Amino acid sequence: MLGVIATAIGIVLSFVIKWFPVQASTQAHNTDRLYHVLVIASVPIFVLVTTVVLYSVWQFRMKSGEELKDGPPIHGNTRLEVFWTAIPTVLLLGLVGYSFVILHDNEKKPAREIDVGVTGQQFVWTYQYPRSITGGATLNSYQLYVPEGESVEFNIRSKDVIHAFWVPAFRIQEDAVPGITTHWRATPDRIGSYPVVCNLLCGVGHSLMRSTIHVVTQARFKAWIASQTRGATTTASAGPASAGTSG
Amino acid sequence: MAARLRAPGFYRAGLYMVFALLFTTALTWIVRMSTGHGTFRHYIDANAILTVALLAVPLAFLIGIGGFDYWFYWASGRPTRPEDHSGHGAYSWKDYFRINTDHKVIGIQYLVNSFFFLLVGGLIAMLMRAQLAQPGSHFVDANTFNGLFSVHATLLIFLFMVPVFAGIGNFVIPLMIGAPDMAFPRLNALSFWLLPVAGLIMLGSFFAPGGAFADGWTAYAPLSVNAPIGQTFFSVGIQFAGASSIMTALNFLVTIITMRAPGMSFFRMPLLVWANFATSLLVVIATPFIAASQFFVLLDRALGFNFFNANAGGDVLMYQHVFWFYSHPAVYIMILPGFGIVSEVIAVKARKPIFGYRMMAFSLLAIVALGFTVWAHHMFTSGMAAWIRIPMAITTSIIAVPTGIKIFSWLATLWRGVLHLDTPMLFALGFITTFTLGGISGIMLAMVPFDIHVSATYFIVAHIHYVLFGGSLMTIFAGVYYWFPKMTGRMYDERLGKWHFWSTFVFLNLTFAPMHILGLEGMPRRVSTYASQFAGLNLFISIASFGLGLTTLVFLYNIVTSWRGGPRAVSNPWRGMTLEWQVSSPPPVFNFDRVPTVVGGPYEYGVPGAVHGIFTPTPAPAGAGVAGAPSH
């Protein structure tokens, strides 16, 4: 009974607590839903274990006069053991199956998407917009703008050591690995500016390897691309001074 | 003096180390000179000398102190000294500072050495928390900070967690299986002395030019390939710690397989023996992989092999696969012996047989087998082939099943028992709750989309500390208190022990629980500064962690004063049935004056008239039934 109450309180708490940063991509909604399912499945198990421990301590602790007493010689119970092997197996396979559904949804390639290059180097991120977006030369920028409501595939590279390109508001990261190109995609669905974090130790400046992703309307995105490419016949490049200044 | 320099010991070790340094300098000079001016600007190069010296000087120390004497005599055809057992037993503190072949002495050496590095690693953690108390603080600079968390993790994994269990096992296992010693006592002595060597190499890196190794205990290439010379200390130190692990594991396997007392079938072995058997299998199979990973890095660093240089055809991800093929089984190496300890403590303190003994043993073996199939769950965001995530997520989920069986079996063992709630039991019960939490967060991390968000964040830091601190360390404390009377012949202070438990339990949760939230909210690990939104929780964690650090003082005070002047312990203070409790505390030099014969299971509490072992020719005294028979 106590266990049921504690479970209920735990699950309610799990919805009250604000665990995550804002959700700024469709993937974030999925991942957060997965997290809540996991918490709902976990709370009863933790409560069960703790309750049995506390109940045993309360009920079966040695009372005075029992110093030489032993418990009943119970060696096991096959049905119980099969039960607590089978139930967790089914539960775990169910959860991991559900996580694959979410994974599939999160990584599904949509009909239309834009590609943005991401390059990590000690200790700065740069972003490359292909001709298909700029309409002219490729754009290499310290700033990252993406349009709202359109799937973006990030093609991630590294010039030196391993970094990790992480946007907590999107709930996605992937390492930038020298020698290969890695990818992840997200569909931003909330206008705003969110941190981009390097999440793999890359040297002495790792803590400061930060950037910002700006999710803007389609119109503003086009305007920003135009402003970056205007007057630049070759590869345009925003100077370091402009990195992170606009918001 | 000349005699001292010839006899094995610290004087000879010092002399040989000087020789090794001279040899190293000469060797690098000759090699550099012979390969010509064009390649090397200088014949004498500090980094080259240091790299070779890191291998040669520790070996010279080990030879000098006498770790190889017997084998050298044998190999060179000289008469070996017949074993006169002068290397057995410890009669003064000095006996702990020489090559000693007594498993009980080696066990204590292991434990004291491990706890020394626990204190050092813990102090380093305090320095890190001081830096992290506020965002943007300048308590230490970024490079030093990176060095601090790298050395913190390395010391606590390779110089505390792994060897401390080997220490407990070393002391207890021969006693538990009714053997006079380990199978290979000289190998046992050598495997201990490799550890302080490895530890001093790791700590010595703080004095290296460019600072300590600062790429995390994972030392991912290519960052570690291009790091300052401090990184070499890690690559080489791992070799010594790993060699020690492998030697001890082999020793455990042979001891357990061949030296069990008559009647001790595998299914009459106490679960700690089972646990060390399983762990040793993991160690022997997995440890060569981390040795390889660090040799790759060493060859890349010292000789430009380009294993991990992508521009020259190197494969960066391969490092991670090889590294985690050891380092995931390593987390089971760091918890399975703890499972064994908890099984011993709970059976004795609940006065009941372990519920489902055979399933407990089989689940250990299941973890060994599954433990080798999950390594890439550390690499869900590494850029490896996407499909690998699917099978690895499934195996990672499934490996929770045998662990769950163990937890449920312990709970069932508690049920209707007669619970003696003293310090070892409190730590065992505390372990069940905190480890369950760490296990649950582990299952969450097996879920790929969730892991993609929190991988390498403070959520991981919280998870690993719940598993290793809330899990392994709790079992270690339980084990140290439980066998303290047997090891020292003295009782610890029960009141201080309870204080130690409660303060540790409270502060560990206050310290590590909030880290889950930090990680979910987006705080990466391994950063010396962070966004101001995380300031409140970090300050809270720092304060709690200082409290957690202070609790260790209670433990230290209790252990030191009890060891020096605690009340004398009887041979079987807990009324345990396993064999180690049937001999005096501390045990005789050769463990058993009479060879025990095992006639029943190890946990037959509550079974009228049951005994685990009897001592021939004298049968066990009458009335031994309930508690087993103290024979001395």
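This is a predicted model: local features need pLDDT of at least 70, side-chain atom pairs count only at pLDDT 80 or more; totals for chains, interfaces and linings use all residues.
Q: What box do the C-alpha atoms of chain B fill along the principal axes?
A: The box is taken along the principal axes of chain B. Of the 632 residues of this chain, 59% count as buried. The C-alpha atoms fill a box of roughly 85 × 65 × 45 Å.

Q: Which helix gives the largest share of the side of domain 1 of chain B that touches domain 2 of chain B?
A: Chain B is assigned a domain 1 (2-75) and a domain 2 (100-565), and their C-alpha centres lie 32 Å apart. The contact takes 11 residues from domain 1 of chain B and 13 residues from domain 2 of chain B. On the domain 1 side, eight residues are nonpolar, three are polar and none is charged. Nine residues of that side come from one helix, residues 46-65 of chain B, which is H3.

Q: Is B:Ala400 buried or exposed?
A: B:Ala400 lies in helix H14 (residues 400-414) of chain B. A residue is buried if 20 or more other C-beta atoms lie within 10 Å of its own. B:Ala400 has 21 such atoms within 10 Å, so it is buried.

Q: Which residues of chain A does B:Ala400 touch, not counting residues up to four places away in sequence?
A: Within chain B, B:Ala400 touches B:Gly439 and B:Ile443. B:Phe165 is 235 residues away from B:Ala400 in sequence and 22 Å away in space, C-alpha to C-alpha. From chain A, B:Ala400 touches A:Pro88 and A:Leu92.

Q: Which element gives the largest share of the side of chain A that touches chain B?
A: The contact between the chains takes 69 residues from chain A and 75 residues from chain B. The chain A side divides into 41 nonpolar, 20 polar and eight charged residues. Elements of chain A that give two or more residues to this side are helix H2 (26-60), helix H3 (78-107), S7 and S9. The largest share, 15 residues, comes from H2(A).

Q: How many residues does H2(A) give to the side of domain 1 of chain A that touches domain 2 of chain A?
A: Chain A is divided into domain 1 (2-58 + 79-107) and domain 2 (113-239), with 34 Å between their C-alpha centres. The contact takes 10 residues from domain 1 of chain A and 14 residues from domain 2 of chain A. The domain 1 side holds four nonpolar residues, five polar and one charged. H2(A) gives the most to that side, and its number of residues is four.

Q: Which residue of S7(A) is the bridge partner of A:His163?
A: S6(A) and strand S7 (residues 172-176) of chain A run antiparallel and are joined by five bridges. Their hairpin has four residues between the strands, and A:Arg171 takes a positive phi near 70° there. In S7(A), the bridge partner of A:His163 is A:Ala176.

Q: In which strand of chain A is confidence lowest?
A: Chain A averages a pLDDT of 89, and 93% of the residues score at least 70. Confidence is highest in S6(A), at 97. Over residues 233-247 of chain A, pLDDT stays under 50. The lowest confidence, at a mean of 45, is in residues 236-237 of chain A, strand S11.

Note on methods. Residues are numbered from 1 along each chain as its sequence is written. Chains are lettered from A and ligands numbered from 1 in the order in which they are written. Domain bounds come from an automatic or database domain assignment. Two residues are in contact if their C-beta atoms, placed from the backbone, lie within 7 Å. Ala, Val, Leu, Ile, Met, Phe, Trp, Tyr, Cys and Pro count as nonpolar, Asp, Glu, Lys and Arg as charged, and the others, Gly among them, as polar. Two strands pair if DSSP finds at least two bridges between them. A residue is buried if 20 or more other C-beta atoms lie within 10 Å of its own, exposed if 12 or fewer, and partly exposed in between; C-beta atoms are placed from the backbone. pLDDT is the predictor's confidence in each residue, from 0 to 100.
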